[in-house]
2 protein chains.
Amino acid sequence: MAKDQKKQPRPKAETPKGFRDYFGADVTERKVMLDRIAEIYHRHGFDPLETSAVETVEALGKFLPDVDRPNAGVFAWQEEAVPGGGSGDWLALRYDLTAPLARVAAQFRNDLPSPYRRYAMGPVWRNEKPGPGRFRQFYQCDADTIGSASVAADAEICAMLADALEAVGIARGDYIVRINNRKVLNGVLEAAEVRPDQADDVLRQIDKFDKVGRDGVLALLTVGRKDDSGAEIEGVGLSQAQAAPVLAFLTSKGADNAATLENLRAAVGGSVIGAEGVGELAQIAAMLAAMGVGEDRAIIDPSIVRGLGYYTGPVFEAELTFEILDEKGRKRQFGSVAGGGRYDGLVERFTGQKVPATGVSIGVDRLLAALRAKGLAGEEAQGPVVVTVMDRDRMADYQAMAADLRAAGIRAEVYLGNPKNFGNQLKYADKRGAPVAVIQGGDEAARGVVQVKDLVLGARIAAEASHDEWKAQPAQTEVSRADLVAEVRRILG
Amino acid sequence: MAKDQKKQPRPKAETPKGFRDYFGADVTERKVMLDRIAEIYHRHGFDPLETSAVETVEALGKFLPDVDRPNAGVFAWQEEAVPGGGSGDWLALRYDLTAPLARVAAQFRNDLPSPYRRYAMGPVWRNEKPGPGRFRQFYQCDADTIGSASVAADAEICAMLADALEAVGIARGDYIVRINNRKVLNGVLEAAEVRPDQADDVLRQIDKFDKVGRDGVLALLTVGRKDDSGAEIEGVGLSQAQAAPVLAFLTSKGADNAATLENLRAAVGGSVIGAEGVGELAQIAAMLAAMGVGEDRAIIDPSIVRGLGYYTGPVFEAELTFEILDEKGRKRQFGSVAGGGRYDGLVERFTGQKVPATGVSIGVDRLLAALRAKGLAGEEAQGPVVVTVMDRDRMADYQAMAADLRAAGIRAEVYLGNPKNFGNQLKYADKRGAPVAVIQGGDEAARGVVQVKDLVLGARIAAEASHDEWKAQPAQTEVSRADLVAEVRRILG
């Protein structure tokens, strides 16, 4: 902090690569959406948890400091060495909200209620190569139940997810929560006599079901196929007879849950784990019905394969089913906005004890994009009423006007730039999205009146009206100063 | 991600030193407070801005990478080198919300409205030695106006600050916004013929006014004094005649703004800058009056010296004036919860152009502590109604009860742990702060009724009632299943 340091060149005013700023409505719209979700989560008994952005690399896991610098995917740095205490800890920014939850669940396991329902909303950081639309800081919004082995916890999360989507404005019929179960797949693999060493390969191929379809997966499970580039992709080597139950599983969705469950029972054959999985899905279906969540909102769907490799029991995904136009103007379904499922080993890393857990994560940016596409992203962000300055010696009068408007709950501000050029003030009001401008020159002040200009109407007249009509200026009204608030309120409707 | 890595020892489940987690009401109470402040800022025409947590060290400034690692006060790390592109940028977590604002104001100067009013709320990070109650991540809440040289901007922020304090629940009379002006002090120094090379020393001594009082500062400005330990502290070397106007300035607060301004006019003598400063304070006083902000809410007070060294014009500070008990049980005033003022050079670092700016920062943790001390921190955090599980085969029935309660807007959840031990379920409900437990065994189910247990009343009875009264259990009522929601609503009042 020496004052007479060498003069530095001017710094660049730039966000770091892959980071961005959020202005005005960007912030407000996301906040409104997350507040509505939080309200639903809270009503379901979930408590908020806000962990710090920084964790020890050790606690985050996965990214261990086995290299000089643990920078694979996370932003990490080493604390300064403690004098006489060895080298400093490696710290890192959290890369999701689940790893900190695991740490909290272990650290506070004697204090937290069990089961522990918590939700968390906030930014996470990924040290990845930034690209168009790909940022290194983004929001996540998670809800998890730790310490319950009951599928009632899974059913509750599915019902809550449906409620949350409706709370932010997605209409019933415009979304569906699809539910599958890893145990059913395990049962199918057992029934098909797939060798344990083939299971990972099978999962990898199943994961392509969305992309390559039934026949594609059949080829990948058996003899292999050519991809679009003509390259030969090796198959897993199952026989057609082994692949059949796997495909039966993936395509077993029936007309309703009852039919689907019937198909699944057939697909798992005599497998005990398979029967257990189908039983869990049947329980979830019954619980959703009891909670008043119909099959138009949440449904058993074995074609949902994303996450089947990661989760250990029920898996769920929320999809928006309405169509939007993609970049090329083609109609397509909006697609997935949330996913989750049941997983073990969350707390086990820390304590050695398996703790059952289930949860869901909403893709904040995707859901917000969907709301914007449907014109549902909060109320129209409205600029403030701008009180212009005709006479800089009467700032107090203009501020009194703004204060009166605010006291009536109306967003208002006085123009605070150099008032010399009145045109600049109207340009400013335009940039602010101001619905109304208030004007009072010395003449008006002497007569105790103000001019109230309806900028929305004014813009329409300027765009549509003839010169004569424009001159008549019906968008501007003179009212007594005492009627200012009433007139502005009238214009704002 | 090799699967057969060497087995690592179990990681420690610990927050990094100096960081902490926020649970439940901790999160909610702060959110309620910040939402109320945001509402006031928004109504005054301020727009939210959310910058990323990460900035380049270059843009943050002050902490330049002139050492191997720029870790003086910030958490910083170097990006990986770009192949063929030289060494990577140094990045850091923001240490306040002003430095990112400066970067934004420069980066987007052609797009933002001017003046630009913005508010920001969020965590900042300091790489400092943690101590009891001192954390390395904490919240800030700022509002600034960039690009207005008018003291109307300062007056507006003072009025807005008073409104914000009332909006979070601080009663009128329990706070005061005090306003001073660096220019007046400059005028006093000029009038006292303090040499420019003495000015910094004088400011340093004035800053001790809060601690050592009038006579202490007089000694420090002149011949020096002994501190509490008996050590001799050198004085600035002013004559008594030179020190007199400085002390007159510090003690010029009169019975009201008019009297204070009169005293200040005398203190600055013939100084032009001093007269300008007093004129600004007079304007601010007039504007506050016009906005309906009385001297019981915001007042000119030249004894406010904190920040006078940093700011270039008006300086403000909000103080809570009610008494609390300190750690030793002594009464003391709560003290400062917000401060700010006018500063230049914010954007100049980047663009070379001076851009006038003024702003205020609320100490989020201090204000929240004040609200808690007054019992004002949001509504009592209430736990959910807990629907207990007597019969694990009827989970769907219990979930239907919770769903009915939620549909009526009541926070409710089903117990999701192992239901075998009913006592554990009631212990759980207690830990959750549940106001009501719902119980339905097979017998009740057959009769179409539920038991509704008022846990708040029950706890009171258990604490106060005799054994016979306790046995009568008036805190538990049997109602028909159809009346569940009505009965719970009755108990919740």
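A:Thr56 belongs to strand S3, which covers residues 54-56 of chain A; helices (H or I, at least four residues) and strands (E, at least two) are DSSP runs, numbered from the N terminus. The model is predicted, so local features need pLDDT of at least 70 and side-chain atom pairs count only at pLDDT 80 or more, while totals for chains, interfaces and linings use all residues. Residues are numbered from 1 along each chain as its sequence is written, chains are lettered from A and ligands numbered from 1 in the order in which they are written, and side-chain values use heavy atoms, with hydrogens and water left out.

With a relative accessibility of 9%, A:Thr56 counts as buried. Here, buried means under 20% relative accessible area, exposed means over 50%, and partly exposed is in between (1.4 Å probe, protein chains only). A polar atom of the A:Thr56 side chain lies 3.0 Å from the backbone nitrogen of A:Ala59. Setting aside residues up to four places away in sequence, A:Thr56 touches A:Trp90 and A:Leu91, and also B:Glu14 and B:Pro16; contact means heavy atoms within 4.5 Å.

A:Leu49 is also worth a look. This residue sits in strand S2 (residues 47-50) of chain A and is buried, at a relative accessible area of 6%. Apart from neighbours within four places in sequence, A:Leu49 is in contact with residues of chain A, among them A:Leu101, A:Val104 and A:Tyr116, and with B:Asp21, B:Tyr22, B:Phe23 and B:Val27. A:Leu49 and A:Ala459 are 410 residues apart in sequence, and their C-alpha atoms are 47 Å apart in space.

From these residues the description moves to the whole interface. In total, 107 residues of chain B are in contact with 107 residues of chain A. The two chains bury about 8,600 Å² between them, with 53% of it on carbon and sulfur atoms; buried area is the accessible area (1.4 Å probe) that two parts lose on being put together, summed over both. Across this interface there are 52 residue pairs in polar contact, both residues being at pLDDT 80 or more. A polar contact is a pair of N or O atoms within 3.5 Å; within protein, one must be able to donate a hydrogen and the other to accept it, and residues adjacent in sequence count only if both atoms are side-chain atoms. On the side of chain B that touches chain A, helix H1 (residues 25-43) gives the most, with seven residues. By class, that side has 48 nonpolar, 26 polar and 33 charged residues. In this scheme Ala, Val, Leu, Ile, Met, Phe, Trp, Tyr, Cys and Pro count as nonpolar, Asp, Glu, Lys and Arg as charged, and the others, Gly among them, as polar.

Side chains of opposite charge can pair when their charged atoms come close. The search of the whole structure finds 78 salt bridges over all chains, a salt bridge being a side-chain nitrogen of Lys or Arg within 4 Å of a carboxyl oxygen of Asp or Glu. Across the interface of chain B and chain A there are 18 salt bridges. One pairs A:Arg103 with B:Asp21, the closest N and O atoms being 2.7 Å apart. A network of salt bridges links A:Asp47, A:Arg117, A:Glu156, B:Arg406, B:Arg411, B:Glu413 and B:Arg432.

Other salt bridges lie within a chain. A:Arg481 pairs with A:Asp404, with the closest N and O atoms 2.9 Å apart. A:Arg481 lies in the loop between strand S19 (476-480) and helix H18 (484-492), and A:Asp404 in helix H13 (residues 395-407), so the pair ties together parts of chain A that are 77 residues apart in sequence. A:Arg481 is partly exposed at 22% relative accessibility, and A:Asp404 is partly exposed at 33%. In chain B, B:Arg394 forms a salt bridge with B:Asp397, the closest N and O atoms being 3.1 Å apart; B:Arg394 is buried at 14%, whereas B:Asp397 is partly exposed at 36%.

Finally, an unreviewed UniProt entry lists a "binding site" whose residues include A:Arg126 and A:Tyr310; UniProt positions are given in the numbering used here, feature names are shortened, and annotations may be inferred rather than shown by experiment. A:Arg126 is in the loop between strand S6 (116-125) and strand S7 (137-146) of chain A and is partly exposed, at 22%. The A:Arg126 side chain reaches the backbone oxygen of A:Tyr95 at 2.8 Å. A:Tyr310, in the loop between strand S11 (298-300) and strand S12 (314-325) of chain A, is exposed, with a relative accessible area of 54%.
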